[in-house]
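Let's take a walk through this model together. Have a look at the fold first, and then we'll go through a pair of helices and a pocket.

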Amino acid sequence: MQTYSVREIQSMLGISRAVIGSLVASGFVAPSRGRRNEYRFTFQDVVLLRTAYSLREARIPARKILRSLRQLRRALPDEMPLTGLRISAVGNEIAVHEGTARRQVDSGQLLFDFDSLGAAGSVSVLARPAQQEVAVTAAASDGAAATWFERGVDLEVVDKAEAETSYRRAIALAPAYLDAYLNLGVMLCDGGRSLEAIELYRAGLVQCPEAALLHFNLAVALEDIERPEQALACYEACLRLTPQFADAHYNAARLHELLGHSSQAIRHYSEYRRLQRR
């Protein structure tokens, strides 16, 4: 089965890495892990991510979204249909359209209309929307910073050096621009520049100390340079901010086990398993 990386999801759906991370942390999807412990998403995960994002933007309660997505997952094919796929929700049902066929899915009383993946009959449901709203922090409302950030997202797959320049320009214009720190940091780590990523994340935390994903990503970068004690402290900081962050529990458990802290490792593994069963 084909799987997709976070970067591919960003390109397909036009939503930021921070939004993807928050949807995963909230339990809307449970991606697998690749060889480098990176997220890998199935086609079903992609559809659920986009649907969850649309529902959350419409201020539907998380409990209703989770119930809806459980029903929707059962109706989705494993692979992308060549005829295209559209999802709409009206009244009490989610409708899944594949080409000219239409199937209804119990959605848990959704009381609005939305079209999360474009028109039926399109070749791919994963095309980037013509209009996207980039999730930014309130301090990053400067339009010029958002323009540089979007340019960085577009350039990541074709020119990483220019993407880095764009992200750094966005940060210079809006020092609390969370998504720019997250995207640039991951790009630096992927390029073997973990020390620079660590410096960047720490600068980001000065501006955004309550950003759980920054603490998490800093921990991953510290693991890359084999500093488990420091990484563990960052995972714990992440969990203080977001106690339901399953991956932070799992990674903290690994490091506690590595450092010989058996009882703490068991506690985090237990919490990870509990969250995965939700």
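How do α11 and α12 run relative to each other, roughly parallel or roughly antiparallel? The axes of α11 and α12 (residues 262–276) cross at roughly 155 degrees and come within 8 Å; axes here are lines fitted to C-alpha atoms over the stretch in contact, with angles from 0 to 180 degrees between N-to-C directions. Angles over 145 degrees count as roughly antiparallel, so α11 and α12 are roughly antiparallel.

Before going on, note that this is a predicted model: local features need pLDDT of at least 70, side-chain atom pairs count only at pLDDT 80 or more, and totals for chains, interfaces and linings use all residues. Residues are numbered from 1 along each chain as its sequence is written, and side-chain values use heavy atoms, leaving out hydrogens and water.

Who touches whom between the two helices? Among the α11 residues that meet α12 are His249, Tyr250 and Ala253, and their partners' side includes His268, Tyr269 and Tyr272; contact means heavy atoms within 4.5 Å.

Now for the largest pocket, which holds about 820 Å³ of space. A pocket is an open set of points on a 1 Å grid where a 1.4 Å probe fits, with protein on both sides within 12 Å along at least five of seven lines; lining residues have an atom within 4 Å of a point. The volume is the space filled by probe spheres set on the points. Of its 28 lining residues, Arg17, Glu38, Tyr39, Val186 and Asp190 are the closest to the centre. α9 gives the most to this lining, with six residues.

Definitions and conventions: Helices (H or I, at least four residues) and strands (E, at least two) are DSSP runs, numbered from the N terminus. Angles under 35 degrees count as roughly parallel, over 145 as roughly antiparallel, 65 to 115 as roughly perpendicular and the rest as oblique.
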